[in-house]
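Please consult the sequence and structure shown here while reading.

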Amino acid sequence: MNAISTAKRLPIPADALSLLAAPLTMLALWVLVTRAQWVPEQLLVSPTKVIEAVGELWEAGELQGHLQNSLRRLFLGFFSGAIFGLIFGVLMGLSKSMEDYCAPLFNAFRQIPSIAFIPMLILIFGIDETFKIIIVAKAAFFPVALGGYDSVRGIPKNYLEVAKVYQCPLWPLIKQVVIPATVPQILTGLRLSLSRSWMVLVAAELMAADSGIGQMMEWGRQMFRMDIVVVGVFITGVIGFALDYGFKWLESRLARWKTG
Amino acid sequence: MGMVFFKRLKGLVLPLALLMTWEMASRQGRAYALTFIPIEKIGRSLIEITLNGELLTNLLASLGTASTGLLIGGTVGLGLGSLMGLYPRVDKIIGPVFHSFRQVPLLGWIPLIGLWFGNGCLAKTLVVCLASFYPMVLNSYAGIRNIENNHLEVCRVLGASRWQTYRYILIPGSLPFIFIGIYHALAFSWISTVGSELLFTAGPGLGGMMQTAQMAAKMDIVIICVASIGIVGLLMNVSLAKLSGHLLRWRSTR
């Protein structure tokens with residue numbers, strides 16, 4: 001027993017080292033290539049330039065402004081889309097006639113990628129905030145609605161029949177049967193929604209915006225400021241990771257609550 | 001029979017209501033008619049761009065970008081994912097880099113790719129390659145990792161050759177996952193084709209066509225493009241589901 005556990009514990013430092021090895025090698029390579037000027041500055045900026053750009057943007061207050069605008073759009077759009085999606089999906093799962101009326105249109109719209117709606121929404125709402133929040137809400141709506149719908153339909157039929165026999169009113173039915181049975185799948189839908197919302201928002205900001213991380217990158221591209229573009233790519237990655245990781249953490253917490 | 005018909009009818013209520021609201025909005029005056037193009041005009045534009053070949057040219061260009069990207073990105077992804085699944089050492093070295101690159105939303109790479117490769121065909125294809133690369137790596141990796149260990153042990157005990165292990169265990173065992181990977185890669189390749197065409201407007205393609213139409217405030221063309229994108233996506237999903245159902249039919253008999 002003891003021998004097994006030590007044998008298992010031994011490789012951990014080596015693991016951590018190999019985990020960091022590749023990223024560190026890449027960073028070293030990046031520094032080396034730019035220092036030795038094997039590739040022109042316009043094609044690959046040096047890491048120091050990127051860090052300088054972060055400082056410069058931060059000093060000018062631009063970075064905070066862009067971040068604030070992007071995150072505000074993301075959360076406004078995500079929450080409105082997710083709430084509507086959840087209500088819609090659960091209702092469609094619970095009510096047969098609602099399903100008959102709404103499912104065909106819902107499925108038809110679900111086939112169309114959110115990004116494809118951007119030009120249409122620009123024509124209807126102009127390039128202001130409304131269109132960005134609506135496109136994010138649209139991206140958030142469908143995965144949550146689908147998760148809610150599927151999970152409600154996955155509730156064993158006899159649970160609902162028992163509730164019907166006892167003439168259980170709607171709210172206790174939702175609280176005691178629907179919510180516990182559907183939370184895991186809905187959470188997965190929400191996580192998917194959040195990462196899709198973020199991608200669509202970045203795309204919308206790249207296409208038409210006066211502020212936001214996407215607009216900052218697009219401006220950098222037009223001005224040939226690769227340092228700013230790299231800062232933008234890095235930030236979108238970090239935010240995407242943080243959103244996904246945060247949600248997974250939330251899911252595991254809630255799963256523990258459920259089993260506990 | 002009657003029930004099914006009635007159900008279909010119910011499903012038509014909302015789309016028809018939507019169309020009627022649209023048509024009514026288009027008759028509220030000239031300003032409205034610019035945005036809410038009358039349905040009849042959309043139909044006429046559809047006939048026009050179908051007959052002069054504009055729709056077909058752009059559709060084929062988009063399909064070309066999507067399939068080239070899918071083929072290249074998918075193959076490379078399949079290779080890398082299998083290597084990572086088969087050799088833990090490769091997984092340890094490449095895994096962290098792969099997962100950190102994956103955090104950047106796909107279209108977030110577009111400005112950087114634009115700086116490096118311009119805004120033409122190459123840049124678009126590269127975005128699509130990346131889009132189909134990620135799901136193939138993840139799923140082929142999962143496919144190999146999910147193969148039951150005792151199957152491999154049986155191979156070892158019976159002295160199966162390397163080729164036999166691949167032929168009878170590794171390939172059939174990971175095939176279902178690989179199909180899930182192809183399924184995702186196909187969907188992402190289509191989305192990213194449209195996205196990259198919207199952002200790199202040079203050259204033909206449905207996305208570029210839609211963007212040009214938006215600049216010229218031609219709502220009818222935009223709507224036709226959106227509908228075509230949806231229909232093509234749907235056809236891709238349906239045909240792949242049929243194909244994988246056919247190829248994996250041996251599974252259900254277990």
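A:Arg191 and A:Glu251 form a salt bridge whose closest N and O atoms are 2.6 Å apart; a salt bridge denotes a side-chain nitrogen of Lys or Arg within 4 Å of a carboxyl oxygen of Asp or Glu. The model is predicted: local features need pLDDT of at least 70 and side-chain atom pairs count only at pLDDT 80 or more, whereas totals for chains, interfaces and linings use all residues. Residues are numbered from 1 along each chain as its sequence is written, chains are lettered from A and ligands numbered from 1 in the order in which they are written, and side-chain values use heavy atoms, with hydrogens and water left out.

- Buried means under 20% relative accessible area, exposed over 50%, and partly exposed in between (1.4 Å probe, protein chains only).

- A:Arg153 forms a salt bridge with A:Glu99, the closest N and O atoms lying 3.2 Å apart.
- Because A:Arg153 lies in helix α7 (residues 129-153) of chain A and A:Glu99 in helix α5 of chain A, the pair ties together parts that are 54 residues apart in sequence.
- A:Arg153 is partly exposed at 48% relative accessibility, while A:Glu99 is buried at 11%.
- A second salt bridge joins the side chains of A:Asp100 and A:Lys96 (3.7 Å, N to O).
- Both A:Asp100 and A:Lys96 belong to helix α5 (residues 96-110) of chain A, where they are four residues apart, about one turn of the helix.
- A:Asp100 is buried, with a relative accessible area of 9%, whereas A:Lys96 is partly exposed at 48%.

**Network and total**
- A network of salt bridges links A:Arg72, A:Arg73, A:Glu129, A:Lys132, A:Glu205 and A:Asp210.
- Over all chains, a search of the whole structure finds 18 salt bridges.

**A buried serine in chain B**
- B:Ser174 is located in helix α9 (residues 162-199) of chain B and is buried, with a relative accessible area of 4%.
- Not counting residues up to four places away in sequence, B:Ser174 touches B:Gly143, B:Ile144 and B:Ile147, a contact being heavy atoms within 4.5 Å.

Technical notes: Helices (H or I, at least four residues) and strands (E, at least two) are DSSP runs, numbered from the N terminus.
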